[in-house]
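Please study the structure shown below and work through the exercises on its sheet, its helices and its ligand.

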Amino acid sequence: MLKSTTKVSSTDANTLQVLSALEHKVLWLASWMIHNANHLRENSDGLKVGGHQASSASLATIMTALYFDVLRPQDRVAVKPHASPIFHAIQYLLGKQTRERLEAFRGYKGAQSYPSRTKDADDVDFSTGSVGLGVAQTLFSSLTQDYVRAHGWSLNRPEGRMVALVGDAELDEGNIFEALLEGWKQGLRNCWWIVDYNRQSLDAVVREGLWARYEQHFKNFGWNVIILKYGSLQLAAFKEPGGETLRQWIDNCPNQLYSALVFAGGAAWRKRLTDEIGDQGDVSRLISKRSDDELAALMNNLGGHDMPSVLEAFRSADAEKPTCFICYTVKGFGLPFAGHKDNHAGLMTPQQMETFRQAMGVRPGYEWEKFEGLALPKDQLQSFLDRVPFASASARRLSTSMLDVPGSLSVTIQPVMSTQTGFGAILNEIGRDDSDFARHIVTTSPDVTVSTNLGPWVNRRGLFARQVMADTFKSEHIPSTFNWEFSPKGQHIELGIAEMNLFILLSALGLSHSINGERLLPIGTLYDPFIARGLDALNYA
Ligand SMILES: Cc1ncc(C[n+]2csc(CCOP(=O)(O)OP(=O)(O)O)c2C)c(N)n1
Ligand SMILES: [Mg+2]
(Lines give C-alpha, C1' and ligand atoms only; values in the text may rest on other atoms or scores of the structure.)
(Ligands and ions follow the chains in the order given, each with its own letter.)
Protein backbone atom coordinates (compact mmCIF):
# COMPACT_ATOMS: atom_id res chain seq x y z
CA MET A 1 0.00 0.00 0.00
CA LEU A 2 1.08 3.55 -0.57
CA LYS A 3 3.21 4.64 2.36
CA SER A 4 4.71 7.92 1.39
CA THR A 5 5.82 10.92 3.33
CA THR A 6 5.37 13.47 0.53
CA LYS A 7 1.82 14.73 0.79
CA VAL A 8 0.22 16.69 -1.98
CA SER A 9 0.22 19.96 -0.09
CA SER A 10 -2.73 22.29 0.31
CA THR A 11 -0.92 24.83 -1.90
CA ASP A 12 -1.76 22.45 -4.70
CA ALA A 13 -5.48 23.14 -4.41
CA ASN A 14 -5.34 25.28 -7.55
CA THR A 15 -3.32 22.74 -9.44
CA LEU A 16 -5.75 20.02 -8.42
CA GLN A 17 -8.67 22.07 -9.72
CA VAL A 18 -7.00 22.63 -13.06
CA LEU A 19 -5.88 19.02 -13.37
CA SER A 20 -9.37 17.82 -12.63
CA ALA A 21 -10.75 20.10 -15.37
CA LEU A 22 -8.13 18.88 -17.83
CA GLU A 23 -8.85 15.27 -16.91
CA HIS A 24 -12.50 15.82 -17.87
CA LYS A 25 -11.46 17.46 -21.10
CA VAL A 26 -9.04 14.70 -22.01
CA LEU A 27 -11.70 12.06 -21.41
CA TRP A 28 -14.21 14.04 -23.45
CA LEU A 29 -11.86 14.61 -26.40
CA ALA A 30 -10.69 10.98 -26.48
CA SER A 31 -14.28 9.72 -26.43
CA TRP A 32 -15.42 12.30 -28.99
CA MET A 33 -12.51 11.52 -31.33
CA ILE A 34 -13.58 7.87 -31.45
CA HIS A 35 -17.26 8.77 -31.72
CA ASN A 36 -16.57 11.18 -34.57
CA ALA A 37 -14.57 8.54 -36.46
CA ASN A 38 -17.31 5.93 -36.08
CA HIS A 39 -20.54 7.89 -36.24
CA LEU A 40 -20.03 11.34 -37.75
CA ARG A 41 -17.21 11.34 -40.24
CA GLU A 42 -17.95 10.44 -43.84
CA ASN A 43 -17.55 6.70 -44.20
CA SER A 44 -17.71 5.47 -47.79
CA ASP A 45 -17.81 1.72 -47.03
CA GLY A 46 -19.92 1.89 -43.87
CA LEU A 47 -17.53 -0.40 -41.96
CA LYS A 48 -16.76 0.06 -38.28
CA VAL A 49 -13.70 2.23 -37.66
CA GLY A 50 -13.18 1.20 -34.03
CA GLY A 51 -11.26 2.68 -31.14
CA HIS A 52 -11.19 1.97 -27.43
CA GLN A 53 -13.24 4.37 -25.33
CA ALA A 54 -13.17 2.14 -22.24
CA SER A 55 -9.42 1.40 -22.27
CA SER A 56 -8.77 5.10 -22.77
CA ALA A 57 -11.01 6.16 -19.89
CA SER A 58 -9.15 3.78 -17.60
CA LEU A 59 -5.98 5.88 -17.94
CA ALA A 60 -7.47 9.38 -18.11
CA THR A 61 -6.53 10.36 -14.55
CA ILE A 62 -3.07 8.80 -14.60
CA MET A 63 -2.09 10.29 -17.96
CA THR A 64 -3.43 13.71 -16.99
CA ALA A 65 -1.31 13.63 -13.84
CA LEU A 66 1.76 12.49 -15.74
CA TYR A 67 1.71 14.76 -18.75
CA PHE A 68 0.39 17.93 -17.11
CA ASP A 69 2.28 17.70 -13.83
CA VAL A 70 4.79 14.94 -13.17
CA LEU A 71 6.78 14.41 -16.36
CA ARG A 72 9.75 16.48 -17.45
CA PRO A 73 10.84 16.95 -21.09
CA GLN A 74 13.63 14.39 -20.68
CA ASP A 75 11.20 11.66 -19.57
CA ARG A 76 10.02 9.18 -22.23
CA VAL A 77 6.79 7.27 -22.27
CA ALA A 78 5.48 4.09 -23.87
CA VAL A 79 1.72 4.57 -23.88
CA LYS A 80 -0.60 1.53 -23.61
CA PRO A 81 -1.50 1.21 -27.31
CA HIS A 82 -5.27 1.37 -26.94
CA ALA A 83 -5.04 4.54 -24.81
CA SER A 84 -3.76 6.36 -27.89
CA PRO A 85 -6.82 8.70 -28.01
CA ILE A 86 -5.96 10.01 -24.53
CA PHE A 87 -2.40 10.63 -25.65
CA HIS A 88 -3.50 12.52 -28.75
CA ALA A 89 -6.03 14.54 -26.74
CA ILE A 90 -3.27 15.59 -24.33
CA GLN A 91 -1.00 16.54 -27.20
CA TYR A 92 -3.85 18.58 -28.70
CA LEU A 93 -4.31 20.52 -25.46
CA LEU A 94 -0.55 21.13 -25.36
CA GLY A 95 -0.73 22.55 -28.89
CA LYS A 96 1.24 19.68 -30.43
CA GLN A 97 -1.58 17.96 -32.30
CA THR A 98 -4.04 19.40 -34.80
CA ARG A 99 -7.81 19.20 -34.81
CA GLU A 100 -7.68 17.88 -38.39
CA ARG A 101 -5.64 14.88 -37.31
CA LEU A 102 -7.98 14.18 -34.40
CA GLU A 103 -10.94 14.36 -36.78
CA ALA A 104 -9.13 11.88 -39.03
CA PHE A 105 -8.37 9.49 -36.12
CA ARG A 106 -7.66 5.99 -37.53
CA GLY A 107 -7.97 7.40 -41.04
CA TYR A 108 -5.54 8.50 -43.74
CA LYS A 109 -3.05 10.99 -42.26
CA GLY A 110 -5.01 10.97 -39.02
CA ALA A 111 -3.85 10.38 -35.46
CA GLN A 112 -2.90 6.71 -35.28
CA SER A 113 -4.90 3.97 -33.56
CA TYR A 114 -1.74 3.14 -31.63
CA PRO A 115 0.96 5.74 -30.94
CA SER A 116 3.55 5.62 -33.70
CA ARG A 117 6.93 7.38 -33.80
CA THR A 118 6.97 7.25 -37.57
CA LYS A 119 3.33 7.79 -38.59
CA ASP A 120 2.09 10.19 -35.93
CA ALA A 121 2.83 13.87 -36.17
CA ASP A 122 2.77 14.53 -32.42
CA ASP A 123 5.41 13.73 -29.86
CA VAL A 124 5.40 9.91 -29.61
CA ASP A 125 8.44 8.54 -27.77
CA PHE A 126 7.99 4.81 -28.40
CA SER A 127 5.75 3.12 -30.94
CA THR A 128 3.38 0.66 -29.29
CA GLY A 129 0.63 -1.60 -30.60
CA SER A 130 1.84 -5.13 -30.21
CA VAL A 131 1.39 -5.29 -26.45
CA GLY A 132 4.45 -5.93 -24.29
CA LEU A 133 7.07 -4.49 -26.63
CA GLY A 134 6.78 -0.86 -25.53
CA VAL A 135 6.98 -1.91 -21.89
CA ALA A 136 10.31 -3.68 -22.42
CA GLN A 137 11.51 -0.82 -24.59
CA THR A 138 11.40 1.54 -21.61
CA LEU A 139 13.62 -0.81 -19.62
CA PHE A 140 16.18 -1.09 -22.40
CA SER A 141 16.03 2.67 -23.00
CA SER A 142 16.92 3.22 -19.39
CA LEU A 143 19.89 0.83 -19.74
CA THR A 144 20.89 2.70 -22.90
CA GLN A 145 20.77 5.99 -21.02
CA ASP A 146 23.07 4.51 -18.36
CA TYR A 147 25.38 3.20 -21.08
CA VAL A 148 25.63 6.62 -22.71
CA ARG A 149 26.33 8.38 -19.42
CA ALA A 150 28.84 5.75 -18.28
CA HIS A 151 30.78 6.50 -21.45
CA GLY A 152 30.94 10.16 -20.51
CA TRP A 153 28.36 11.42 -23.00
CA SER A 154 25.25 13.54 -22.43
CA LEU A 155 26.32 14.35 -18.89
CA ASN A 156 25.14 17.93 -19.35
CA ARG A 157 21.54 16.73 -19.76
CA PRO A 158 19.26 15.67 -16.92
CA GLU A 159 18.56 11.96 -16.63
CA GLY A 160 15.15 10.96 -17.92
CA ARG A 161 12.70 8.49 -16.45
CA MET A 162 11.54 5.81 -18.85
CA VAL A 163 7.85 5.25 -18.18
CA ALA A 164 5.56 2.51 -19.46
CA LEU A 165 1.78 2.61 -19.12
CA VAL A 166 0.94 -1.07 -18.97
CA GLY A 167 -2.41 -2.84 -19.28
CA ASP A 168 -2.90 -5.49 -16.59
CA ALA A 169 -3.58 -8.18 -19.20
CA GLU A 170 -0.61 -6.89 -21.18
CA LEU A 171 1.48 -8.41 -18.39
CA ASP A 172 0.63 -11.82 -19.85
CA GLU A 173 3.23 -11.13 -22.53
CA GLY A 174 6.34 -13.15 -21.75
CA ASN A 175 8.76 -10.68 -23.28
CA ILE A 176 8.03 -8.32 -20.36
CA PHE A 177 9.35 -10.88 -17.91
CA GLU A 178 12.35 -11.69 -20.06
CA ALA A 179 13.20 -8.00 -19.95
CA LEU A 180 12.65 -7.85 -16.19
CA LEU A 181 15.35 -10.48 -15.69
CA GLU A 182 17.78 -8.54 -17.86
CA GLY A 183 17.01 -5.32 -15.96
CA TRP A 184 17.87 -7.05 -12.70
CA LYS A 185 21.20 -8.26 -14.11
CA GLN A 186 22.12 -4.80 -15.36
CA GLY A 187 21.14 -2.75 -12.28
CA LEU A 188 18.14 -1.00 -13.83
CA ARG A 189 17.26 2.53 -12.61
CA ASN A 190 15.01 5.38 -13.75
CA CYS A 191 12.27 3.11 -14.96
CA TRP A 192 8.57 3.24 -14.04
CA TRP A 193 5.98 0.72 -15.06
CA ILE A 194 2.50 1.97 -14.25
CA VAL A 195 0.02 -0.90 -14.36
CA ASP A 196 -3.54 0.07 -15.29
CA TYR A 197 -5.07 -2.51 -12.97
CA ASN A 198 -8.64 -2.42 -14.24
CA ARG A 199 -8.88 -6.18 -13.85
CA GLN A 200 -10.18 -6.59 -17.36
CA SER A 201 -8.55 -7.91 -20.50
CA LEU A 202 -10.14 -7.89 -23.94
CA ASP A 203 -12.29 -10.97 -23.34
CA ALA A 204 -12.71 -11.26 -19.62
CA VAL A 205 -12.13 -10.24 -16.03
CA VAL A 206 -8.66 -11.21 -14.73
CA ARG A 207 -8.07 -13.80 -11.99
CA GLU A 208 -8.35 -12.88 -8.31
CA GLY A 209 -5.26 -11.74 -6.45
CA LEU A 210 -3.09 -11.17 -9.50
CA TRP A 211 -1.68 -8.01 -7.93
CA ALA A 212 -0.10 -10.00 -5.10
CA ARG A 213 1.74 -12.25 -7.56
CA TYR A 214 3.02 -9.22 -9.43
CA GLU A 215 4.00 -7.46 -6.23
CA GLN A 216 6.14 -10.41 -5.18
CA HIS A 217 7.54 -10.89 -8.64
CA PHE A 218 8.66 -7.30 -9.06
CA LYS A 219 10.12 -7.19 -5.55
CA ASN A 220 12.11 -10.33 -6.32
CA PHE A 221 13.76 -8.47 -9.15
CA GLY A 222 14.68 -5.48 -6.97
CA TRP A 223 11.80 -3.15 -7.86
CA ASN A 224 9.87 -0.88 -5.55
CA VAL A 225 6.19 -1.68 -5.74
CA ILE A 226 3.61 0.99 -4.96
CA ILE A 227 0.02 -0.17 -4.87
CA LEU A 228 -2.59 2.51 -5.38
CA LYS A 229 -5.77 0.77 -4.39
CA TYR A 230 -8.01 3.25 -2.59
CA GLY A 231 -8.79 6.82 -3.53
CA SER A 232 -8.90 9.65 -0.98
CA LEU A 233 -12.72 9.46 -0.64
CA GLN A 234 -12.39 5.81 0.31
CA LEU A 235 -9.51 6.46 2.69
CA ALA A 236 -11.60 9.15 4.42
CA ALA A 237 -14.62 6.81 4.63
CA PHE A 238 -12.47 4.07 6.20
CA LYS A 239 -11.79 6.48 9.08
CA GLU A 240 -15.52 6.90 9.77
CA PRO A 241 -17.20 4.57 12.27
CA GLY A 242 -17.81 1.31 10.39
CA GLY A 243 -15.19 2.24 7.80
CA GLU A 244 -12.99 -0.73 8.59
CA THR A 245 -15.87 -3.10 7.79
CA LEU A 246 -16.31 -1.40 4.43
CA ARG A 247 -12.59 -1.73 3.71
CA GLN A 248 -12.70 -5.44 4.49
CA TRP A 249 -15.71 -5.88 2.23
CA ILE A 250 -13.88 -4.11 -0.61
CA ASP A 251 -10.77 -6.23 -0.07
CA ASN A 252 -12.77 -9.45 -0.16
CA CYS A 253 -14.98 -8.51 -3.08
CA PRO A 254 -14.21 -10.64 -6.17
CA ASN A 255 -13.08 -8.72 -9.26
CA GLN A 256 -16.08 -9.78 -11.33
CA LEU A 257 -18.57 -8.62 -8.71
CA TYR A 258 -16.82 -5.28 -8.21
CA SER A 259 -16.83 -4.67 -11.96
CA ALA A 260 -20.48 -5.68 -12.25
CA LEU A 261 -21.51 -3.32 -9.42
CA VAL A 262 -19.51 -0.45 -10.93
CA PHE A 263 -21.55 -0.98 -14.08
CA ALA A 264 -24.86 -1.36 -12.23
CA GLY A 265 -24.42 1.87 -10.21
CA GLY A 266 -25.44 3.41 -6.86
CA ALA A 267 -28.69 1.54 -6.15
CA ALA A 268 -27.03 -1.80 -6.86
CA TRP A 269 -24.11 -0.90 -4.55
CA ARG A 270 -26.58 0.00 -1.81
CA LYS A 271 -28.51 -3.25 -2.13
CA ARG A 272 -25.41 -5.43 -2.19
CA LEU A 273 -23.64 -3.64 0.67
CA THR A 274 -26.80 -3.58 2.76
CA ASP A 275 -27.41 -7.29 2.13
CA GLU A 276 -23.86 -8.25 3.03
CA ILE A 277 -22.73 -5.84 5.78
CA GLY A 278 -25.74 -3.61 6.38
CA ASP A 279 -26.59 -5.17 9.75
CA GLN A 280 -23.21 -4.40 11.27
CA GLY A 281 -23.99 -1.21 13.21
CA ASP A 282 -21.89 1.77 12.22
CA VAL A 283 -21.34 0.70 8.65
CA SER A 284 -25.11 0.85 8.01
CA ARG A 285 -25.00 4.56 8.81
CA LEU A 286 -21.95 5.02 6.63
CA ILE A 287 -23.93 3.57 3.73
CA SER A 288 -27.32 5.10 4.42
CA LYS A 289 -26.09 8.65 4.90
CA ARG A 290 -24.93 8.69 1.27
CA SER A 291 -27.18 9.15 -1.75
CA ASP A 292 -26.96 6.58 -4.55
CA ASP A 293 -24.71 8.91 -6.53
CA GLU A 294 -22.47 9.54 -3.53
CA LEU A 295 -22.25 5.85 -2.81
CA ALA A 296 -21.30 5.09 -6.42
CA ALA A 297 -18.70 7.89 -6.35
CA LEU A 298 -17.24 6.40 -3.17
CA MET A 299 -17.07 2.85 -4.49
CA ASN A 300 -15.66 3.96 -7.86
CA ASN A 301 -13.03 6.08 -6.14
CA LEU A 302 -10.16 3.66 -6.71
CA GLY A 303 -6.58 4.87 -6.37
CA GLY A 304 -5.90 5.18 -10.10
CA HIS A 305 -8.78 7.65 -10.50
CA ASP A 306 -7.95 9.78 -7.51
CA MET A 307 -5.79 12.71 -8.59
CA PRO A 308 -4.29 13.50 -5.15
CA SER A 309 -3.30 9.85 -4.60
CA VAL A 310 -1.87 9.51 -8.09
CA LEU A 311 0.18 12.71 -7.74
CA GLU A 312 1.45 11.71 -4.33
CA ALA A 313 2.55 8.30 -5.58
CA PHE A 314 4.37 9.65 -8.61
CA ARG A 315 5.98 12.53 -6.79
CA SER A 316 7.37 10.31 -4.06
CA ALA A 317 9.00 7.68 -6.29
CA ASP A 318 12.73 7.12 -6.00
CA ALA A 319 14.76 7.32 -9.25
CA GLU A 320 17.46 4.94 -8.11
CA LYS A 321 15.16 1.96 -8.00
CA PRO A 322 12.87 0.82 -10.78
CA THR A 323 9.30 1.26 -9.62
CA CYS A 324 6.13 -0.60 -10.46
CA PHE A 325 2.89 1.21 -9.63
CA ILE A 326 -0.11 -1.07 -9.49
CA CYS A 327 -3.01 1.36 -9.91
CA TYR A 328 -6.55 0.12 -9.36
CA THR A 329 -8.75 1.56 -12.07
CA VAL A 330 -12.14 1.02 -13.70
CA LYS A 331 -12.23 0.18 -17.38
CA GLY A 332 -14.56 2.77 -18.92
CA PHE A 333 -14.41 5.03 -15.84
CA GLY A 334 -16.96 7.84 -16.17
CA LEU A 335 -18.62 6.28 -19.23
CA PRO A 336 -21.91 4.36 -19.43
CA PHE A 337 -20.24 0.96 -19.89
CA ALA A 338 -17.82 1.39 -16.95
CA GLY A 339 -16.92 -2.01 -15.50
CA HIS A 340 -18.90 -4.05 -18.03
CA LYS A 341 -16.89 -7.09 -19.10
CA ASP A 342 -17.83 -6.60 -22.77
CA ASN A 343 -16.65 -3.00 -22.93
CA HIS A 344 -13.22 -3.44 -24.55
CA ALA A 345 -14.26 -2.46 -28.07
CA GLY A 346 -17.54 -0.96 -26.90
CA LEU A 347 -18.57 2.35 -28.42
CA MET A 348 -21.02 4.76 -26.85
CA THR A 349 -24.25 4.91 -28.84
CA PRO A 350 -25.27 8.32 -30.25
CA GLN A 351 -27.80 8.65 -27.40
CA GLN A 352 -25.22 7.83 -24.76
CA MET A 353 -22.84 10.32 -26.36
CA GLU A 354 -25.56 12.96 -26.28
CA THR A 355 -26.08 12.40 -22.53
CA PHE A 356 -22.33 12.51 -22.00
CA ARG A 357 -22.07 15.75 -24.01
CA GLN A 358 -24.68 17.40 -21.83
CA ALA A 359 -23.03 16.16 -18.64
CA MET A 360 -19.72 17.63 -19.86
CA GLY A 361 -21.38 20.98 -20.60
CA VAL A 362 -20.26 20.91 -24.22
CA ARG A 363 -22.47 22.85 -26.63
CA PRO A 364 -23.26 21.28 -30.02
CA GLY A 365 -20.75 22.62 -32.54
CA TYR A 366 -18.12 23.29 -29.86
CA GLU A 367 -17.04 19.68 -29.35
CA TRP A 368 -13.41 20.29 -30.32
CA GLU A 369 -13.02 23.52 -28.34
CA LYS A 370 -10.21 23.09 -25.81
CA PHE A 371 -11.90 24.67 -22.81
CA GLU A 372 -15.57 24.21 -23.66
CA GLY A 373 -17.71 23.27 -20.66
CA LEU A 374 -14.96 23.73 -18.06
CA ALA A 375 -15.80 25.82 -15.02
CA LEU A 376 -12.41 27.56 -14.81
CA PRO A 377 -11.58 30.70 -16.82
CA LYS A 378 -9.94 30.06 -20.19
CA ASP A 379 -7.02 32.34 -19.35
CA GLN A 380 -6.21 30.39 -16.23
CA LEU A 381 -6.31 27.08 -18.10
CA GLN A 382 -4.23 28.36 -21.00
CA SER A 383 -1.60 29.89 -18.72
CA PHE A 384 -1.41 26.57 -16.84
CA LEU A 385 -0.91 24.72 -20.15
CA ASP A 386 1.74 27.23 -21.18
CA ARG A 387 3.71 26.35 -18.05
CA VAL A 388 3.45 22.56 -18.21
CA PRO A 389 7.00 21.31 -17.51
CA PHE A 390 6.78 18.40 -19.95
CA ALA A 391 6.02 20.75 -22.84
CA SER A 392 8.59 23.36 -21.89
CA ALA A 393 11.37 22.14 -24.22
CA SER A 394 11.15 23.38 -27.78
CA ALA A 395 11.87 19.88 -29.06
CA ARG A 396 11.97 16.75 -26.98
CA ARG A 397 13.44 14.70 -29.80
CA LEU A 398 17.17 15.37 -29.82
CA SER A 399 19.54 15.10 -32.72
CA THR A 400 23.25 14.85 -33.25
CA SER A 401 25.71 14.75 -36.11
CA MET A 402 26.44 11.70 -38.24
CA LEU A 403 29.62 9.72 -37.64
CA ASP A 404 32.38 9.32 -40.20
CA VAL A 405 32.73 5.74 -41.35
CA PRO A 406 36.19 4.52 -42.51
CA GLY A 407 36.41 4.18 -46.28
CA SER A 408 38.34 0.90 -46.08
CA LEU A 409 39.68 -1.55 -43.53
CA SER A 410 42.86 -3.60 -43.80
CA VAL A 411 41.20 -6.96 -43.39
CA THR A 412 42.53 -9.84 -45.44
CA ILE A 413 39.64 -11.43 -47.25
CA GLN A 414 40.29 -15.04 -48.22
CA PRO A 415 38.93 -16.37 -51.49
CA VAL A 416 36.72 -18.68 -49.44
CA MET A 417 35.71 -17.78 -45.93
CA SER A 418 32.51 -17.89 -43.92
CA THR A 419 30.57 -14.66 -43.43
CA GLN A 420 30.94 -15.27 -39.69
CA THR A 421 34.74 -15.28 -39.92
CA GLY A 422 34.67 -12.21 -42.13
CA PHE A 423 32.39 -10.40 -39.69
CA GLY A 424 34.67 -11.27 -36.76
CA ALA A 425 37.74 -10.08 -38.64
CA ILE A 426 36.11 -6.78 -39.61
CA LEU A 427 35.04 -6.01 -36.06
CA ASN A 428 38.44 -7.06 -34.75
CA GLU A 429 40.01 -4.56 -37.13
CA ILE A 430 37.60 -1.78 -36.14
CA GLY A 431 38.25 -2.63 -32.50
CA ARG A 432 41.97 -1.81 -32.82
CA ASP A 433 41.18 1.78 -33.55
CA ASP A 434 40.30 4.62 -31.21
CA SER A 435 38.23 6.48 -33.81
CA ASP A 436 34.97 8.17 -32.97
CA PHE A 437 33.35 5.57 -35.16
CA ALA A 438 34.78 2.67 -33.12
CA ARG A 439 33.91 4.33 -29.82
CA HIS A 440 30.25 4.69 -30.78
CA ILE A 441 29.77 1.06 -31.76
CA VAL A 442 27.99 -1.04 -29.19
CA THR A 443 27.62 -4.75 -29.74
CA THR A 444 25.22 -7.13 -28.09
CA SER A 445 24.34 -10.78 -28.34
CA PRO A 446 21.92 -13.19 -26.63
CA ASP A 447 24.50 -15.63 -25.25
CA VAL A 448 26.12 -16.27 -28.63
CA THR A 449 28.88 -13.67 -28.45
CA VAL A 450 31.69 -16.17 -28.69
CA SER A 451 30.15 -18.44 -31.30
CA THR A 452 29.19 -15.56 -33.61
CA ASN A 453 32.82 -14.40 -33.63
CA LEU A 454 32.42 -11.29 -31.53
CA GLY A 455 35.13 -12.58 -29.16
CA PRO A 456 38.09 -10.62 -30.63
CA TRP A 457 36.08 -7.37 -30.53
CA VAL A 458 35.02 -8.02 -26.93
CA ASN A 459 38.60 -8.82 -25.97
CA ARG A 460 39.60 -5.39 -27.21
CA ARG A 461 36.66 -3.31 -26.04
CA GLY A 462 35.38 -5.12 -22.93
CA LEU A 463 31.89 -5.84 -21.63
CA PHE A 464 29.62 -3.15 -20.29
CA ALA A 465 28.37 -3.04 -16.69
CA ARG A 466 27.74 -0.10 -14.40
CA GLN A 467 30.15 -1.67 -11.90
CA VAL A 468 33.51 -3.26 -12.62
CA MET A 469 33.47 -7.06 -12.53
CA ALA A 470 36.78 -8.83 -13.00
CA ASP A 471 37.27 -11.95 -15.09
CA THR A 472 38.24 -14.41 -12.36
CA PHE A 473 39.71 -16.88 -14.85
CA LYS A 474 42.16 -14.16 -15.82
CA SER A 475 43.06 -13.21 -12.24
CA GLU A 476 43.49 -16.92 -11.43
CA HIS A 477 45.87 -17.19 -14.42
CA ILE A 478 43.80 -19.85 -16.13
CA PRO A 479 44.41 -19.61 -19.88
CA SER A 480 41.33 -18.61 -21.87
CA THR A 481 40.83 -17.23 -25.35
CA PHE A 482 38.43 -14.64 -24.02
CA ASN A 483 38.87 -11.76 -21.68
CA TRP A 484 35.50 -11.38 -19.97
CA GLU A 485 35.92 -8.16 -17.98
CA PHE A 486 32.99 -5.88 -17.26
CA SER A 487 33.32 -2.15 -16.71
CA PRO A 488 31.41 1.11 -17.35
CA LYS A 489 33.66 1.67 -20.37
CA GLY A 490 32.91 -1.68 -22.01
CA GLN A 491 31.28 -1.69 -25.43
CA HIS A 492 29.55 -5.06 -25.51
CA ILE A 493 26.26 -5.72 -23.71
CA GLU A 494 25.93 -9.41 -22.98
CA LEU A 495 22.34 -10.63 -22.88
CA GLY A 496 20.73 -13.86 -21.76
CA ILE A 497 19.38 -16.17 -24.50
CA ALA A 498 16.03 -14.38 -25.02
CA GLU A 499 16.15 -13.11 -28.61
CA MET A 500 13.25 -10.71 -28.07
CA ASN A 501 15.46 -8.77 -25.66
CA LEU A 502 18.14 -8.51 -28.34
CA PHE A 503 15.86 -6.78 -30.82
CA ILE A 504 14.29 -4.47 -28.27
CA LEU A 505 17.72 -3.48 -26.94
CA LEU A 506 18.93 -2.84 -30.49
CA SER A 507 15.93 -0.62 -31.04
CA ALA A 508 16.61 1.29 -27.81
CA LEU A 509 20.29 1.71 -28.69
CA GLY A 510 19.37 2.83 -32.19
CA LEU A 511 17.14 5.60 -30.82
CA SER A 512 19.87 6.96 -28.57
CA HIS A 513 20.57 9.99 -30.78
CA SER A 514 16.94 11.03 -30.42
CA ILE A 515 16.56 10.21 -26.73
CA ASN A 516 20.01 10.92 -25.32
CA GLY A 517 21.44 13.22 -27.97
CA GLU A 518 24.33 10.79 -28.53
CA ARG A 519 24.46 8.49 -31.52
CA LEU A 520 25.26 4.82 -30.98
CA LEU A 521 25.92 2.30 -33.72
CA PRO A 522 24.33 -0.92 -32.45
CA ILE A 523 25.36 -4.31 -33.81
CA GLY A 524 23.63 -7.49 -32.67
CA THR A 525 24.48 -11.07 -33.49
CA LEU A 526 22.37 -14.22 -33.42
CA TYR A 527 21.86 -17.32 -35.50
CA ASP A 528 19.47 -17.01 -38.40
CA PRO A 529 17.11 -19.84 -37.25
CA PHE A 530 16.34 -17.76 -34.15
CA ILE A 531 15.62 -14.46 -35.84
CA ALA A 532 11.98 -15.48 -36.05
CA ARG A 533 11.73 -15.45 -32.25
CA GLY A 534 12.16 -11.71 -32.24
CA LEU A 535 10.53 -10.74 -35.53
CA ASP A 536 7.75 -8.69 -33.97
CA ALA A 537 10.25 -6.64 -32.01
CA LEU A 538 12.41 -6.29 -35.11
CA ASN A 539 9.38 -5.00 -36.95
CA TYR A 540 9.04 -2.21 -34.37
CA ALA A 541 12.77 -1.44 -34.18
C1 LIG B 1 0.67 -8.92 -29.09
C2 LIG B 1 -0.76 -8.49 -29.09
N3 LIG B 1 -1.72 -9.42 -28.98
C4 LIG B 1 -3.02 -9.06 -28.97
C5 LIG B 1 -3.39 -7.75 -29.07
C6 LIG B 1 -4.86 -7.37 -29.08
N7 LIG B 1 -5.21 -6.70 -27.83
C8 LIG B 1 -5.24 -5.36 -27.76
S9 LIG B 1 -5.65 -4.82 -26.25
C10 LIG B 1 -5.83 -6.39 -25.65
C11 LIG B 1 -6.25 -6.63 -24.22
C12 LIG B 1 -5.50 -5.77 -23.33
O13 LIG B 1 -5.98 -5.79 -22.02
P14 LIG B 1 -5.26 -4.88 -20.97
O15 LIG B 1 -3.81 -4.91 -21.24
O16 LIG B 1 -5.71 -5.27 -19.63
O17 LIG B 1 -5.74 -3.43 -21.36
P18 LIG B 1 -7.12 -2.68 -21.02
O19 LIG B 1 -7.82 -2.52 -22.32
O20 LIG B 1 -7.86 -3.48 -20.03
O21 LIG B 1 -6.70 -1.38 -20.47
C22 LIG B 1 -5.54 -7.31 -26.64
C23 LIG B 1 -5.59 -8.77 -26.44
C24 LIG B 1 -2.35 -6.80 -29.20
N25 LIG B 1 -2.60 -5.49 -29.33
N26 LIG B 1 -1.06 -7.20 -29.18
MG1 LIG C 1 -7.00 -4.37 -18.35
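The exercises below concern strands, helix packing and a ligand shell.

This is a predicted model, in which local features need pLDDT of at least 70 and side-chain atom pairs count only at pLDDT 80 or more, while totals for chains, interfaces and linings use all residues. Residues are numbered from 1 along each chain as its sequence is written, and chains are lettered from A and ligands numbered from 1 in the order in which they are written.

**Exercise 1.** Determine the order of the strands in the sheet.

Solution. Helices (H or I, at least four residues) and strands (E, at least two) are DSSP runs, numbered from the N terminus. Two strands pair if DSSP finds at least two bridges between them. The open sheet has five strands, ordered E1-E2-E3-E5-E4, with parallel pairing. At its edges lie E1 (76-78) and E4 (224-228), each of which pairs on one side only. Within the sheet, six bridges join E3 (residues 191-197) to E5 (residues 323-328). Tyr 197 stands opposite Tyr 328 in E5.

**Exercise 2.** Describe how helix H1 packs against helix H4.

Solution. Two packed helices are described by the angle between their axes and the distance between the axes. Axes are lines fitted to C-alpha atoms, for helices over the stretch in contact, and angles run from 0 to 180 degrees between N-to-C directions. H1 (residues 13-40) and H4 (residues 84-93) pack at about 120°, and their axes are 8 Å apart. H1 and H4 are therefore oblique to each other; angles under 35 degrees count as roughly parallel, over 145 as roughly antiparallel, 65 to 115 as roughly perpendicular and the rest as oblique. Residues are in contact if their C-beta atoms, placed from the backbone, lie within 7 Å. Among the residues that meet are Leu 22 and Lys 25 in H1, and Pro 85 and His 88 in H4.

**Exercise 3.** Classify the arrangement of helices H12 and H14.

Solution. The axes of H12 (residues 266-277) and H14 (residues 292-300) come within 7 Å and cross at roughly 80°. H12 is therefore roughly perpendicular to H14. The contact includes Trp 269 of H12 and Leu 295 of H14.

**Exercise 4.** Which residues come nearest to ligand 1?

Solution. A residue is near a molecule if its C-beta atom, placed from the backbone, lies within 6 Å of it. Of the 17 residues around ligand 1, Ser 55, Gly 167, Ala 169, Glu 170 and Leu 202 come nearest.

Terms used
Two residues are in contact if their C-beta atoms, placed from the backbone, lie within 7 Å.
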